[in-house]
Structure formats: structure tokens, C-alpha cells
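Subject: Two-chain model, handover and notes

Dear colleague,

Here is the model I said I would pass on. Please look through it with the notes that follow.

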Amino acid sequence: MIPRARLLLFFVGAIAVGLLAVPAFGALPALGHAGDLVGDVLVPLSVEARRTANTVTATMFDMRAIDTVGEEAILFAAVAGTSLLLRILREEREEEPEIEARAPQVAQRSPAVRLVGVGLVGLLALVGLTMFAQGHLSPGGGFQGGVVVAGAVLLVYLLHDYAAFDALADTDRLEPVEGLAIAAMLAVGTAGLLTGEGFLANVLPLGDLGTLPSGGTIPVLNVLSGVAVAAGISIILAEFAEQTLRVRGD
Amino acid sequence: MNLLLVVSMLAVAVVGTGVVLTRDPLRQAAAAGAFGLVMAVLFVLLRAPDAAISEIAVGSVFIPGLVLFAVAKTRGEDG
């Protein structure tokens with residue numbers, strides 16, 4: 001399609017969408033004042049029935065936990081797909097990291113960067129772990145904590161060197177961790193089936209609102225999903241880094 | 001709908017357009033990082049801190065990281 005015709009089509013479409021979108025936005029309830037039916041039901045349900053202060057986490061790991069298990073399955077498939085696609089083919093070979101071999105003085109991060117790295121990686125890992133442990137009490141939760149921990153792993157590469165990253169994000173050790181974490185989530189769900197309440201029902205004692213051991217299975221699922229996400233994303237990063245820095249075709 | 005919210009929504013629109021208009025993939029990765037940050041600010045202002053944390057980690061750290069690895073590999077230059 002010639003560029004001018006494309007541009008014309010875009011403008012026609014944009015005007016049509018605009019004419020529909022403006023009244024649609026106007027008809028929404030005012031920001032912050034939504035007398036939303038779903039919110040009115042979910043907040044008391046999570047605070048009183050489940051003793052969890054963070055309604056979003058309670059919804060994700062209790063009321064709609066089946067969706068979260070589906071998302072973990074998607075992550076698992078994505079990691080498996082990445083590992084499959086980036087496997088080393090017969091005509092390729094793995095070598096020592098090329099950049100560090102070709103120009104060692106360039107590849108070395110400066111001492112200032114490494115110093116910042118030491119503090120930052122530790123701090124980020126701690127923030128991530130806090131998010132998974134306290135996901136049911138303050139904003140955060142399993143997925144958020146997992147991505148922050150995986151971010152700390154990537155920072156090891158950026159602020160230190162590939163050898164340290166490779167030793168940390170070792171796919172042989174991470175793959176079983178990810179698999180076991182997801183299997184454990186399914187096992188917690190099955191415990192719900194065994195008590196007759198349904199898959200992924202909240203079967204552990206509920207505790208008091210605002211304390212660490214509250215919410216029943218919610219903190220358990222939080223930690224397991226965080227571990228699965230952190231391991232899964234680290235595997236993806238390790239595969240990409242290996243493919244870029246080590247694998248040479250012939 | 002206060003000034004802060006309007007400014008952050010405009011910032012998202014401007015930075016988003018900027019990401020699309022950046023043609024070089026390497027630079028686009030950096031622009032995507034900035035976009036993630038601005039989106040996270042918007043999410044916090046709309047009272048969704050969980051979404052903001054995920055957006056910063058994924059949009060500003062992983063997307064540029066993976067794009068940089070892919071570009072380095074496909075160009076054959078030093079990462």
C-alpha cells in the first residue's frame with residue numbers, strides 16, 4: 001500500500017476511534033471516586049475473610065489464583081521455548097566470552113562501577129526478597145519480588161563481569177529450581193482439592209491481619225511464585241547472554 | 001484529575017511517541033527504558049504500586065537488556 005494511502009487510512013481510523021473514545025472516557029467515574037461494585041466486594045473479602053492487607057495479592061493468589069497458575073504456566077513455556085531456540089546447534093560451538101578474550105582491558109568494569117555494584121546488587125536482592133516475603137502486607141508480591149531479584153542478577157553482569165554472572169545464573173541449577181517452585185504451587189493447589197474445598201482454596205490457618213504469618217496459603221504461593229519468576233527470568237537472561245557472548249557459528 | 005496526573009499522562013504520550021520515532025534499535029532500547037520509568041510514575045499516581053514495580057523491572061531493565069543482547073549478537077559488534 002503506498003505510504004500516502006496508509007497515512008490517509010490512519011487518519012480516518014484515528015478520527016473514528018477518537019469520536020468513540022472521548023465520550024467513553026467522559027463516561028467513566030471520576031478518578032478516585034469509583035463506587036465500584038467489584039472493589040466493594042473484594043476489599044472486605046480480602047481483609048476480613050482472608051486477613052490480608054494487600055487486596056491485589058489476595059485476589060491474585062486466592063480469589064483468582066487459577067489465573068496466576070495459568071500465568072506461571074505461560075512463563076514456564078516461555079522459558080522452555082527460549083532454552084530450546086537458543087540451544088547450541090551442531091554447527092555452533094561455545095567459547096570463552098569473546099569480548100573479554102579480545103579486549104580484556106575494555107571488558108573490565110572500572111573499580112568505581114564494581115564498588116557501586118557490590119552495594120546495589122545486595123540492596124536490590126534484599127528489596128526483592130522483602131517483596132516476596134511481605135507481599136501480602138504491602139505493595140509487591142510474588143511476581144514483583146521475582147522480577148526485582150532477576151534484575152539484581154542482570155546487574156551482576158552489567159556491573160561486574162560475565163564470569164560472575166555465568167556462575168550465578170547457572171541454567172543447570174536454575175531449571176530444577178523453577179520447575180520445583182511451579183510444581184510446589186500446583187501441590188498447594190492440590191492440598192485444596194484434598195480438603196474438599198476446591199483447587200487452590202486457602203487451606204492454611206489464617207492468622208491476624210497485618211502480621212507476617214497471615215492469609216493462609218497466600219504468603220506460601222507468593223514465595224513460590226516469586227522463586228519461579230526469579231529463576232525463570234534469570235534463565236532467559238543467561239540464555240541470551242550465552243548466545244551473544246559465547247556461541248560462535250562457523 | 002489534577003495537574004500531576006495530566007502532566008504524567010502527557011509525558012507518557014510524548015515519550016511513547018519518542019520510542020516509536022527512534023529508528024536505531026540500540027537507541028530505541030534506551031528510549032524504552034525511559035518509557036518504562038514514565039509509565040511507572042503514572043501507575044503510582046493512579047494508585048497501582050504493584051503494577052509500577054513490575055513495569056520498572058520489566059520495561060526498564062529486562063526489555064533493554066534483552067534487546068541489547070540481541071542487537072549485539074545480530075550485528076557482531078562488542079556488546
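What percentage of the 79 residues of chain B count as buried? The value is 33%, where buried means under 20% relative accessible area, exposed over 50% and partly exposed in between, with a 1.4 Å probe and protein chains only. In chain A, 38% of the 250 residues count as buried.

Some conventions before the rest. This is a predicted model, in which local features need a pLDDT of at least 70, side-chain atom pairs count only at pLDDT 80 or more, and totals for chains, interfaces and linings use all residues. Residues are numbered from 1 along each chain as its sequence is written, chains are lettered from A and ligands numbered from 1 in the order in which they are written, and side-chain values use heavy atoms, with hydrogens and water left out.

Confidence

The model scores ipTM 0.85 and pTM 0.84. Chain A has a mean pLDDT (the predictor's confidence in each residue, from 0 to 100) of 83, and 89% of its residues reach 70 or more. Within chain A, helix H6 (residues 104–107) has the lowest confidence, with a mean of 60, and H4(A) has the highest, at 91. Where pLDDT is low, the predicted coordinates should not be read in detail. Chain B averages 88, with 94% of the residues scoring at least 70.

Chain B has three helices and zero strands, and its C-alpha atoms fill a box of roughly 50 × 25 × 10 Å along the principal axes.

For contacts (heavy atoms within 4.5 Å) in chain A between residues at least 6 apart in sequence, 72% join residues at least 24 apart. In chain B, residues 24 or more positions apart account for 51% of the contacts with a separation of 6 or more.

Where the chains meet

On chain A, 25 residues are in contact with 20 residues of chain B. The buried area (accessible area, 1.4 Å probe, that two parts lose on being put together, summed over both) is about 1,900 Å² between chain A and chain B, and carbon and sulfur atoms give 74% of it. How many salt bridges are there between chain A and chain B? The count is zero, a salt bridge being a side-chain nitrogen of Lys or Arg within 4 Å of a carboxyl oxygen of Asp or Glu. Five residue pairs, both at pLDDT 80 or more, are in polar contact between the chains. A polar contact is a pair of N or O atoms within 3.5 Å; within protein, one must be able to donate a hydrogen and the other to accept it, and residues adjacent in sequence count only if both atoms are side-chain atoms. On the side of chain A that touches chain B, helix H5 (98–102), H8 and H11 each supply at least two residues. The largest share of that side, eight residues, comes from H8(A).

Leaving out residues up to four places away in sequence, Phe62(B) touches Val147(A), Ala150(A), Gly151(A), Leu154(A), Ile233(A), Leu237(A) and Ala57(B).

Local details

In helix H3 (residues 55–63) of chain A, the buried residues include Thr55(A), Ala58(A) and Phe61(A). The buried residues of H3(A) pack against helix H2 (37–49), H4, H8 and H11 of chain A. At the start of H3(A), a side-chain oxygen of Asn54(A) comes within 3.2 Å of the backbone nitrogen of Val56(A).

Arg47(B) sits in the loop between H2 and H3 of chain B. Its phi is near 65°, a positive value in a residue other than glycine. Arg47(B) counts as exposed because its relative accessibility is 67%.

Regards

How values were computed:
Helices (H or I, at least four residues) and strands (E, at least two) are DSSP runs, numbered from the N terminus.
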